Structure formats: C-alpha cells, structure tokens
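Here is my note on this model, point by point. Please read it with the structure open.

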Amino acid sequence: MPVILITGASSGIGAALARHYAGAGTTLILQGRDRIRLDAIAEACRAKGSDVETRRIDIRERAAVADWLQGADRAHSLDLVIVNAAINGGDPGGDVETEAMAFETVEVNLLGALNVTLPCVTLMRAHGRGQIALVSSLAAFAPLPDAPSYSGTKAALLAHGLALREKLKPHGVRINVVTPGYVKTAMGSEYQGWRPLEISADDAARRIARGLEKDRDIVA
C-alpha cells in the first residue's frame, strides 16, 4: 500500500499529482496553504478510494515541518515524497523584483523545499528505501528575466537533487528532479510571455508519474 506525500497539493501540478495517484490502496498525505482548496482535493481523492490526510503548514517553519514529517513516517513509512510547493516570485508588471519578493521566493522555493527534503532523506536512509522528487523547472536551464529568484531557486534544486541522487544510490533512496515547462495552472498563468508547448496539469502529472516510475534522473 504506497504512501505518497505531496507538498503544494491544493492546486496546479500538486493537485493534479494527488488526483493521479489517488486510488484504492494508496495513502495520500497532502500539504497546502488554502484549506478550502486542499479539502476539495482531499475529497476528490477519497472518492477514488484513497486514504487521505491533509496538513496546512508553512514549509518555511523548519522545526514544525520536521516534526510533521517524522510523525507521518512513524504512522505510515513514506514511500514517495514529491516536494512541489513553490511561489512564482518576480514582478507581475515586469519590473525588477523587489528585495522582499526575492528573499521570500528563496525562503519558500529553496529553503522550504530543503526543509521537506532533508528530513525525508534521513528517514528514508534509516529505512533503506524511498523516493524523493524535487519539482524544479525548465527555468533552471533557461532562466526567466522576469523571475530571476524563481529561476535561481529552481537551478539550485536541480543541482542539489542531482548531487543527492548520486550520494544516496548506495543507500536505497532514489532522488529525481522534475523540470516542467509551461503548464496551464493558476500560478503558471501569472507569466504573461510566450508559452510554447504548454500542457495541462493533468498531462504534466501523467508525465511526471511515468518518469518517476522509470527512476529518471531528470523528468522534463
């Protein structure tokens, strides 16, 4: 009975992944900021047969996140953790992003992601198994001028994830980095420029799940 934890599961790619993995025999642990949307996703997943737990928690709160993950693992033993929660950053008007936005983006997209990833690494090493997927972006390869902090955090996740992958292979823990391009989501639509090869969130979820099943280093 697989146990899958997804952060940023209340909308966009995270919600689509929750719906994709939902089914009889699957336990989903879903984190999000918006209670109403998170509860709606949870109900949709329960309707497909999954056992679902939800948690509203700020991933920037390192100690609280570590306590949550340790408790979740004690109760269920995590099989797959998808580190997806993020914000866009940048400036909606196309100006240079403010210092406040730049630091908030780093705190959520990079430090918040590591607050989830690193405790899971420790837990999974102890079990000798498990899989962690870091959701980066194609912006890691082709930075967006309108969102430099977003691009920088996603590049850092790419490098960190690929390095961890090599270190953890001998310990039975798999690390994958997901680098979506343009996906039709509420957050993605904040970028008003050219959006080549845009796909739906449900299509993205299917592609991501297929890549994780094949244990690809980068799922693009």
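**Notes on the model**

1. Start with β2. Both of its faces are covered: Thr27, Ile29 and Gln31 on one side, and Leu28 and Leu30 on the other, are all buried. Buried means under 20% relative accessible area, exposed means over 50%, and partly exposed lies in between, with a 1.4 Å probe and protein chains only. Because 5 of the 5 residues of β2 (residues 27–31) are buried, the strand is largely enclosed by the rest of the structure.

2. A word on the basis. This is a predicted model, in which local features need pLDDT of at least 70 and side-chain atom pairs count only at pLDDT 80 or more, while totals for chains, interfaces and linings use all residues. Residues are numbered from 1 along each chain as its sequence is written, and side-chain values use heavy atoms, with hydrogens and water left out. Helices (H or I, at least four residues) and strands (E, at least two) are DSSP runs, numbered from the N terminus.

3. Which strands pair with β2? Strand β1 (residues 3–6) runs parallel to β2, joined by 4 bridges. Strand β3 (residues 51–55) also pairs with β2 in the parallel sense, over 5 bridges. Pairing requires that DSSP finds at least two bridges between the strands. Look at Ile29 in β2: it is the bridge partner of Leu5, and its own partner in β3 is Glu53.

4. β1, helix α1 (residues 12–21) and β2 make a right-handed β-α-β unit. β2, helix α2 (residues 35–47) and β3 make a right-handed unit too. Right-handed means that, with the strands pointing away from the viewer, the path from the first strand over the helix to the second runs clockwise.

5. Helix α4 deserves a check of its length. Its 29 residues (residues 99–127) should span 42 Å at 1.5 Å a residue, and the end C-alpha atoms are 41 Å apart, which agrees. The expected span is 1.5 Å times one less than the number of residues. α4 has a kink of about 30°, centred on Leu111. The bend is the angle between axes fitted to the seven residues ending at a residue and the seven starting there. Gly128 follows α4, with a positive phi near 75°.

6. How many disulfides are there? The count is 0, taking a disulfide as a pair of cysteine sulfur atoms within 2.5 Å. The sulfur of Cys45 is 19 Å from the closest cysteine sulfur, in Cys120, so it is too far for a bond. Cys45 is buried at 0% relative accessibility, and Cys120 is buried at 1%.
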